[in-house]
Amino acid sequence: MMYVNDQPYARLELEDTINPQYFTIPQGDIRVANGEEVTFKFVIEEVYPGTVYEDTCITGIVVDFGNVPEEH
């Protein structure tokens with residue numbers, strides 16, 4: 001589950017792969033006032049047993065805001 005400022009935002013379903021997976025947030029969907037902070041939290045809500053290891057692994061998370069125009 002993806003939370004934005006401690007509010008549920010989206011349920012992300014990940015595939016069991018080492019390949020990159022991308023999710024797009026519609027432009028303008030998350031807005032903050034100039035100078036304010038926005039927080040993101042990702043919660044793993046469900047897993048299934050593996051055949052080798054007993055832990056859960058995420059290789060990395062990258063957030064790309066692209067070309068966000070500065071508001072004046």
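Me: Buried residues account for 6% of the 72 residues in the protein chain; what does buried mean here?

Reply: A residue is called buried when its relative accessible area is under 20%, exposed when it is over 50%, and partly exposed in between, with a 1.4 Å probe and the protein chains alone as cover. By that rule, 6% of the 72 residues in the protein chain are buried. The model is predicted, and local features need a pLDDT of at least 70, side-chain atom pairs count only at pLDDT 80 or more, while totals for chains, interfaces and linings use all residues. Residues are numbered from 1 along each chain as its sequence is written, and side-chain values rest on heavy atoms, with hydrogens and water left out.

Me: How do you know how spread out the protein chain is?

Reply: The chain contains 0 helices and 3 strands, where helices (H or I, at least four residues) and strands (E, at least two) are DSSP runs numbered from the N terminus. Its radius of gyration, taken over C-alpha atoms, is compared with a globule rule of 2.2 Å times the number of residues to the power 0.38. For 72 residues the rule gives 11 Å, and the protein chain has 15 Å, well over that value, so it is more spread out than a compact globule. Along its principal axes, the C-alpha trace spans about 55 × 25 × 15 Å.

Me: What makes S2 and S3 the edges of the sheet?

Reply: Strands pair if DSSP finds at least two bridges between them, and S1 (residues 2-4) is joined to S2 by 3 bridges, in an antiparallel arrangement. The 3 strands form an open sheet in the order S2-S1-S3, with antiparallel pairing. Strand S2 (7-10) and S3 each have a single partner strand, so one side of each is left without a neighbour in the sheet. From one strand to the next the twist averages 35 degrees, an angle between N-to-C directions (from 0 to 180 degrees) of lines fitted to C-alpha atoms, for helices over the stretch in contact.

Me: What stands out about phi in Asn5 and in Asp6?

Reply: The hairpin of S1 and S2 has 2 residues between the strands. Asn5 lies in the loop there, with a phi near 50 degrees, which is positive in a residue other than glycine. Asp6, in the loop between S1 and S2 as well, has a positive phi of about 65 degrees although it is not a glycine. Asn5 has a relative accessible area of 35% and is therefore partly exposed, whereas Asp6, at 55%, counts as exposed.

Me: Why is the contact of Asp6 and Lys41 called a salt bridge?

Reply: The name requires a side-chain nitrogen of Lys or Arg within 4 Å of a carboxyl oxygen of Asp or Glu. The closest N and O atoms of Asp6 and Lys41 are 4.0 Å apart, and the pair is listed as a salt bridge. It links distant parts of the chain, with Asp6 in the loop between S1 and S2 and Lys41 in strand S3, 35 residues apart. Lys41 has a relative accessible area of 40% and is therefore partly exposed.

Me: What makes Arg11, Glu13 and Glu45 a network?

Reply: The three residues are linked by salt bridges, for Arg11 meets Glu13 at 3.4 Å, N to O, and the closest N and O atoms of Arg11 and Glu45 are 2.6 Å apart. Glu45 lies in the segment after S3 and Arg11 in the loop between S2 and S3, so this pair ties together parts that are 34 residues apart in sequence. Glu13, at 59% relative accessibility, counts as exposed, while Arg11 is partly exposed at 48% and Glu45 is partly exposed at 43%. The search of the whole structure finds 3 salt bridges.

Me: Which residues make the nonpolar surface patch, and how do you know whether Ile61 is buried or exposed?

Reply: Phe42, Ile44, Val47, Ile58, Ile61, Val63 and Phe65 make a nonpolar patch of about 670 Å². Patch residues have over 30% relative accessible area and no salt bridge, with like charges joined within 9 Å and nonpolar side chains (Val, Leu, Ile, Met, Phe, Trp, Tyr) within 5 Å. Ile61 lies in the segment after strand S3 (40-42), and at 52% relative accessibility Ile61 counts as exposed.

Note on methods: Areas by Shrake-Rupley, 256 points an atom, 1.4 Å probe, with all protein chains shown as cover.
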